[in-house]
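Let's take a friendly walk through a protein fold together. Have the sequence and the 3D view ready.

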Amino acid sequence: MQIYETTDYNEMSRKAANIMASQIVLKPDSVLGLATGSTPEGLYQQLIDKYENGDLDFSKVQTVNLDEYVGLDMDNHQSYHYYMVNKLFRHINVDPKNCHFLNGMEKDSQKECSRFERLIQGFGSIDLQLLGVGENGHIGFNEPNTHFSKGTHLVALTQNTIEVNSRFFKDKEEVPHYAYTMGIKNLMDAKRILFVVNGKRKAKILRKIITGPITPEVPASILQLHKNVTVVADKEALSLL
Ligand code: F6R
C-alpha cells in the first residue's frame, strides 16, 4: 500500500483527483470503478473543474458503479445513479452509454448480478477502482463477514450501515434494507485501487484496515493483499496510525 497523508479533506480530494486524472490522461479509454457517499464528492468536483479548464477529456472513459440500493429507481434522489449523474456525469463529457450501473429496480437478483458480472468481464478488468470505506470497514456494500471470494451479489445491509446512511434520507424508515454490490473479488481484480478516507470517525477502522489482521470481519483489510493500492487519507483519518 502506498499511503499519502493530506492536511485536510480538500487536499485529499485534490490529490485523489490528480491520480484519477493522470489515469485518464495516460489511458483515455480507462474503465473507472466509481463510488458514491460523502467522501468522493470533493474529488468529483475537482474532476469537473479540470474538465471545465480543458484539462480532461472523458469522451472515451467507461464507468461502472460499485453498488446500488434495491428498490430505488434511477430518478430517486437517494439512488446512487442519481448521485453520479448529478455530482459528476452531467457536468462532464462522459458518454451516458458508457456509464454502467446496477439496476436497483431489477427484482431478480441472480439475473441482475449475472448481467453485471458479464459486463465487468467484458471490460477485461477495471483500470482504476475508487473506494471509500464505511465505519464498520465495508467497501462497496460488502458488509463485515462477507466472503472475500464473492462477485456481484445481493446484500442485506447491517443496522450500522442503515443508521449511518440514514443521514441522506428524510427518515430512517426510508433507507432500503437491501443493495446490490460488486463483491470483494471484483474489487481485488481491479488493476489499481484508489482508496480515499477522511475524518476522525474513520480513524479506528483505518488503523485496523492498514495494520490489523486480514479478516472478513473488516472487509477492507483485504486491500493489504492488493498489489496496487493508493491510500489518500487526511491527518484525522490517519491519526491513530
Ligand atoms: C458507496 C459505497 C460505500 C461508501 C462508504 C463510505 O458507493 O460503496 O462503501 O464508500 O459507505 O461512505 P461515506 O463516504 O459517505 O462515508
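Below we go from the whole chain to its sheet, and then to one helix.

**The whole chain**

Keep in mind that this is a predicted model. The protein chain has seven helices and 10 strands. Its C-alpha trace spans about 45 × 40 × 35 Å along the principal axes. A compact globule of 241 residues would have a radius of gyration near 18 Å, and the protein chain has 17 Å, so the two agree. Of the 241 residues, 53% count as buried. Among contacts with a separation of 6 or more, 79% are between residues 24 or more positions apart.

**The sheet**

Strands of a sheet pair through backbone hydrogen bonds, either parallel or antiparallel. Here, seven strands form an open sheet in the order 1-10-9-6-2-3-5, with parallel pairing. Strand 1 and strand 5 (99-100) stand at the edges with a single partner strand each, so one side of each has no neighbour in the sheet.

Antiparallel pairing can be found in this chain too, between strand 4 and strand 8 and between strand 7 and strand 8.

| Strands | Sense | Bridges |
|---|---|---|
| Strand 2 and strand 6 | parallel | two bridges |
| Strand 4 (67-69) and strand 8 (178-181) | antiparallel | three bridges |
| Strand 7 (153-156) and strand 8 | antiparallel | four bridges |

You can look for residue partners in your viewer. Gly33 has Gln129 of strand 6 as its bridge partner. In strand 8, Tyr180 stands opposite Glu68, and Thr181 stands opposite His153.

**Helices on the sheet**

Which strands does helix 4 touch? Helix 4 (residues 109-123) packs on the sheet against strand 2, strand 3 (62-65) and strand 5, and its direction makes about 145 degrees with that of strand 3.

**A closer look at helix 1**

Helix 1 covers residues 9-26, and its 18 residues should span 26 Å at 1.5 Å a residue; the end C-alpha atoms are 26 Å apart, so expectation and model agree.

Which residues of helix 1 are buried? They are Met12, Ser13, Ala16, Ala17, Ile19, Met20, Ala21, Gln23 and Ile24. These buried residues pack against several elements, including strand 1 (2-6), strand 9 (192-197), strand 10 (229-234) and helix 2 (41-52).

Note on methods: Residues numbered from 1 in each chain as written. Predicted model: local features only at pLDDT ≥ 70, side-chain atom pairs only at ≥ 80, totals over all residues. Heavy atoms only, no water. Expected span 1.5 Å × (residues − 1). Buried < 20%, exposed > 50% of the residue type's maximum accessible area, 1.4 Å probe, protein only. Contact = heavy atoms within 4.5 Å. Pairing = 2+ DSSP bridges. Axes fitted to C-alpha atoms, helices over the stretch in contact; angles between N-to-C directions. Rg over C-alpha atoms; globule rule 2.2 N^0.38 Å.
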